[in-house]
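Hello,

Here is the structure we talked about handing over. My notes on what turned up follow below it.

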Amino acid sequence: MINAVGAPQSLLLLGGTSDIALAIAHRYARPGLRIVLAARPSDRRTAAATELKSVGCEVTEVDLEARDHDSHAATIDLAFAGGDIDIAVIAFGLLGDAERAWQDPDLALELAEVNYAAPVHLGVLLGQRMQAQAHGWIVALSSVAGERVRRSNFVYGSTKAGLDGFFLGLGEALRAHGVRVLVVRPGFVKSKMTAALDEIPLSVTPDDVAEAITDAIQGKRELIWVPGTLRAVMSGLRHVPRPLFRRLPL
Amino acid sequence: MNDEAVPAIRPSRPEDQPMIPQPLVELHGWGRASGTMAHLAQIDSVADAVSALRTSDSRRGVVPRGLGRSYGDAAQNAGGTALDLTKMNRILSLDAAAEPPTVTVQAGVSLDLLMRALLPFGLWVPVLPGTRQVTVGGAIAADVHGKNHHTEGSFGNHARSLDLLMADGHVRKVTPDGDTAALFWATIGGMGLTGAVLRATVALQRTETAYFSVDTDRCSDIDDLMQKMADGDQGYTYSVAWFDAVTKGRHMGRAVLTRGNKARLAELPVKLKRDPLKFVAPSLGTVPEIFPNRMINKATAKAFSEVWYRKAPKHRVGELQNITQFFHPLDIVAEWNRLYGPNGFLQYQFVVPFDQEEAFRRCLEMIVNSGYLSCLNVLKRFGDSNPSPLSFPMPGWTLTVDLPIEHGLDKLCDALDTEVVGAGGRVYLAKDSRLSAATFRKMYPRLEDFLAIRRQVDPEGIFNSDLARRLELSKPTAGGAA
């Protein structure tokens, strides 16, 4: 149960080795917190588990293969084996090389599967579990890239647009069952995913995103931008006419 | 009325039973923070209660619920069923000739209703918490205490027998002595996790009037207050202090100490003698749900504390006060918790043993210096505890503060927990909405006794609540969270 001061008892991190997921875990970490790290088996996952255990968290590692849809049900079963999950975060995703992605059908499909199909499939499974327990939060990491899809990374952007719409809708559907969904639209996050890219203005760290998420859950908000100023920026960009939008250096 | 006519029920196998469709409703505690959704089953009879128990989802279980005055998540049950027992509100029998007199009531009878019914007979409910708007069932489940704890103990001390609806669907009578004593005492303060109390027999006191003879003292700081209480409490049946939790420095913990005894008929002026047992309970209406967060801010909290301290006389003896003035000033307005705004608030009440005055003072300092503001602050000395494994009161000092939910409040509460655990004290479950399972275990050393009883009477954990899940009491056999 999330207590009156906003501290959860259990976390499920799907994409448990992502920088943002781990930043969330560290923000909530306290002795006795139950954390399920769902990710591909890796040294990084083991290291993350060890670190969280060192501050007193009870950590379970669960295998997650985003593209193997048949394995998802078992992953979710294992994740809920220890009891209710208070906050489930869908934090995995692929950026891909934008220019290659729209010309390489395999890469485009991989992005679509990892960033959209898998979150939708897992989202439905999570929704069932959360509906039965009638409390809890699902946090989906969307992106401003999905809010107005642009030429420079439209394959990635389109997958996030789909994910964004699905989880906003899931939030409406689960509301009456006591479950909340938070959709997070970060701008440029300095993480392992974007390590190869140049930094741009308004970029944030994974910990900034994590802080915004924990605040949003305590404040019961269901859609946030990180940083908050991006909300105004995107609100403007959404309405820029296409001929002009095309010429913007985005 | 024929509550005994319960059909013979086999132990429930909920997976075999059809679910009664009940809409999900949001339930929260008096603090209005962290509400969750549950199926609220309206219980009008014992048969209803049995049927709701049988048809509930065993994975989420059931929790008895009364008037929702516990501050946290004790009467919430996310995804499961809450048994609304407030319609089980009949007073069944009264034995006024016995010594002590006793009354048998259904669990949903409120202390307000009970007092109104008993006063004309010159009978008095022996333990009254800060509000009359609690049910007898709730008073038992939380083992509530009042201003007379140091002389009369808590509510459970006065219960003579309970009819308990158990997880197997049977109703069992339990008493403080004999074969059922262990289950009886586990139910006292057991937060509804041993079963649902459906009716109770409670011992009463006699009174000549419904008034109190009250002495008031203003105390300049916390040391002055604690000294006065330690020296003089034994001379009074009732004793409690309001203290200022905002003012720092030399006058930290300045307080207004009120102590009194039930007034004798001879002490009343002629005017009051005409109707000495009059139940004075004015109502000024209901607080509307319009208040924003941060109604309690530096300005309002300082002003309130100053006025509350200054309006009290420095030293006054023998003032006559009525029930509302002396016991339940907050009952004048309904739904006063709405003043705290939509984020809600929490109440932190702890007790530390008598030899831990230093830790007690450090806790007070922490609160005063934290920047979090509390207006309704209560300090009291407890008397002896009772045999219940989860009952809160123990001989020592107890302190209560009301804190609006704000960013970072968890840090203050965690720091207070550490100090309280270090001093061998504990936090009151009826007020709690945030304790972790690990800290809880350190505060209640007799938890294992409670769990042993629970394993016996409810191995599947049919009786369950958000509080049980948070404190990891829900699956007694697995011994972990579920």
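How many salt bridges does a search of the whole structure find over all chains? The count is 46. Please keep in mind that this is a predicted model.

Some of those pairs, starting with chain A. A:Glu211 and A:Arg27 form a salt bridge through their side chains, at 3.9 Å from N to O. The two sit in distant parts of the chain, 184 residues apart: A:Glu211 is in helix α7 (residues 206–218) and A:Arg27 in helix α1 (residues 19–28). A:Glu211 is partly exposed, at 34% relative accessibility. A:Arg27 is partly exposed too, at 39%.

Next, A:Arg129 and A:Asp77. Their side chains meet at 2.6 Å, N to O, in a salt bridge. A:Arg129 belongs to helix α5 (residues 105–133) and A:Asp77 to helix α3 (residues 72–79), so this pair ties together parts 52 residues apart in sequence. A:Arg129 has a relative accessibility of 31%, which means it counts as partly exposed. A:Asp77 is partly exposed at 42%.

In chain B, B:Arg259 pairs with B:Asp233, with the closest N and O atoms 3.3 Å apart. B:Arg259 lies in strand β14, while B:Asp233 is in the loop between α6 (222–232) and β13 (238–243), 26 residues away. Both residues are buried. There is also a network in chain A: shared partners join A:Glu147, A:Asp164, A:Arg185 and A:Arg238.

B:Thr258 is in strand β14 (residues 255–262) as well. Is B:Thr258 buried or exposed? It is buried, because its relative accessible area is 18% and the cut-off for buried is under 20%. Beyond its sequence neighbours up to four places away, B:Thr258 touches residues including B:Val214, B:Tyr238 and B:Val240.

Now the interface. 24 residues of chain B contact 20 residues of chain A. The two chains bury about 1700 Å² between them, 58% of it on carbon and sulfur atoms. On the chain B side, B:Met37, B:Arg60 and B:His407 lose the most area, together 22% of what that side buries. One salt bridge is counted between the chains. A:Asp84 and B:Arg60 make a salt bridge at 2.8 Å, N to O.

Last, the surface. A:Trp102, A:Val149 and A:Phe154 make a nonpolar patch of about 250 Å². A:Val149 is in the loop between β5 (137–141) and α6 (154–175) of chain A. A:Val149 is partly exposed, at 32% relative accessibility.

Best wishes

Definitions and conventions: Residues are numbered from 1 along each chain as its sequence is written. Chains are lettered from A and ligands numbered from 1 in the order in which they are written. This is a predicted model: local features need pLDDT of at least 70, side-chain atom pairs count only at pLDDT 80 or more; totals for chains, interfaces and linings use all residues. Side-chain values use heavy atoms; hydrogens and water are left out. Patches are made of residues with over 30% relative accessible area and no salt bridge: like charges are joined within 9 Å, nonpolar side chains (Val, Leu, Ile, Met, Phe, Trp, Tyr) within 5 Å. Accessible areas come from the Shrake-Rupley method with a 1.4 Å probe; for residues, only the protein chains shown count as cover. A salt bridge is a side-chain nitrogen of Lys or Arg within 4 Å of a carboxyl oxygen of Asp or Glu. Helices (H or I, at least four residues) and strands (E, at least two) are DSSP runs, numbered from the N terminus. Buried means under 20% relative accessible area, exposed over 50%, partly exposed in between (1.4 Å probe, protein chains only). Contact means heavy atoms within 4.5 Å. Buried area is the accessible area (1.4 Å probe) that two parts lose on being put together, summed over both.
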